[in-house]
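Visitor: I would like to learn how to read a protein structure. Could you take me through one slowly?

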Amino acid sequence: MTEHFPPASPAQAAPPGDGGDHRPPPPRLAYDVHTWKEIAHLLANLPVSLLGFVYVVTALSTSAFLTVTVVGFPLLAAGLLGARLLGKLERARARALLGIRIDEPSPLPLRARRGGGEGFFPHLWMTLKDPVGWRTVLYELIRLPWGVLTFTIALASLFVAWPVLPFIARGLANADRAMVRGLLSPSDELERRIAELESDRGVVVDTAAADLRRIERDLHDGAQARLVALAMGLGLAKEKLLEDPDAAAAMVDEAHGEVKLALQELRDLARGIHPAVLTDRGLDAALSAVASRCTVPVKVTVDLDERPAEAIEGIAYFTVSELLQNVSKHSGAASASVEVWRSESRLLIQVHDDGRGGARLDAGSGLRGLSERLDAVDGLFVVDSPEGGPTVVTAELPWRDRPAAVRT
């Protein structure tokens with residue numbers, strides 16, 4: 001986004017149809033503050049561009065020469081990081097003297113994440129392919145001849161063409177503005193994608209934290225409580241074993257029932273984390289098991305020639321599982337169906353029921369949570385549920401092949 005200095009008076013505002021931009025007042029024969037700033041910028045072009053050109057040529061030539069050693073590419077990466085700093089200084093100079101506001105590009109995510117870094121080589125590769133650094137390098141390379149030209153014209157015009165220098169300075173400064181916007185502005189698409197990834201990463205972290213809290217709560221309130229009661233019951237049975245064997249036997253029998261319930265709760269909890277049938281037999285068998293527990297008859301059709309990556313398979317399983325729970329609790333349907341298939345590089349899931357309809361993403365946290373989880377992995381989640389039904393939910397996930405070492 002680019003802004004300009006506001007005009008000195010309403011009469012100097014940009015004409016209609018100019019996109020709402022405000023520009024410096026038009027040049028006049030009399031020198032004003034904007035003209036002097038543009039002249040100062042043009043005169044500073046030579047020393048600034050000379051320093052930038054020398055830095056870029058030195059960094060590129062030295063790193064290119066040393067690419068035969070282990071330090072060549074790290075040195076080039078350091079040079080690109082330095083070019084980013086040069087670009088920041090050039091944007092600051094343009095703000096101060098040319099009156100344009102250029103957003104700063106997003107910094108490279110080089111700091112290690114909590115729990116461990118991503119490694120030296122991924123960071124090195126990320127820096128080497130940084131488009132901001134390379135566009136700044138290009139800017140500094142083409143600036144030297146332009147800096148010589150603008151310095152010479154501005155300096156000579158101060159002595160031999162000073163009456164028309166404001167018009168000359170404005171034309172040259174506009175070319176400078178175009179160069180800064182074209183080469184030092186952040187890419188809108190890149191910035192949008194970075195913002196999306198940062199948001200998606202936050203969703204993934206929040207979802208993982210919520211899942212850990214749910215597991216902890218289920219263990220504390222379920223299996224752990226039953227095991228504590230079991231230990232107390234067995235302790236009482238041990239005390240009564242000699243003096244009242246019949247009572248002790250009844251207490252042991254009760255403890256045996258508690259053990260069975262605790263084991264069932266642990267199995268249910270393990271199934272909620274990652275079901276064994278999904279690991280062993282894939283989506284077809286796992287979704288059929290989920291459908292068998294649904295209160296509505298469900299037809300499951302899985303048309304996959306091979307299994308996707310474990311992470312994608314797990315997301316697909318839990319998406320269908322939660323959708324079928326919604327069908328059981330809220331739909332009032334007489335039947336439902338689940339279809340899973342692959343279309344090129346996407347895994348598609350469609351869950352259909354003939355219930356009352358009216359499901360919406362903004363109606364509750366369940367469907368919205370599913371949508372956010374799929375968005376976090378570049379997936380899509382679409383709900384078509386008119387009042388009176390039927391309801392069709394379509395989910396789309398990126399297909400990733402399962403590593404050969406874990407294929408079954």
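Guide: Let's start with contact, which means heavy atoms within 4.5 Å. Axes are lines fitted to C-alpha atoms, for helices over the stretch in contact, and angles run from 0 to 180 degrees between N-to-C directions. Helices (H or I, at least four residues) and strands (E, at least two) are DSSP runs, numbered from the N terminus. This is a predicted model, where local features need pLDDT of at least 70, side-chain atom pairs count only at pLDDT 80 or more, and totals for chains, interfaces and linings use all residues. Residues are numbered from 1 along each chain as its sequence is written, and side-chain values use heavy atoms, with hydrogens and water left out.

Visitor: Which strands does helix 9 lie across?

Guide: Helix 9 (residues 283-292) lies across strand 1 and strand 2, and runs at about 170° to strand 1. Helix 10 (residues 310-331) also packs on the sheet, and its direction makes about 10° with that of strand 3.

Visitor: What is the order of the strands in the sheet?

Guide: Two strands pair if DSSP finds at least two bridges between them. Here 5 strands form an open sheet in the order 1-2-3-5-4, with mixed pairing. Strand 1 (298-303) and strand 4 (380-384) are the edge strands, each pairing on one side only.

Visitor: How many bridges join strand 2 to strand 3?

Guide: There are 8 bridges between strand 2 (residues 336-343) and strand 3 (residues 346-353), and the two run antiparallel. In this pair, Ser 337 stands opposite His 352 of strand 3.
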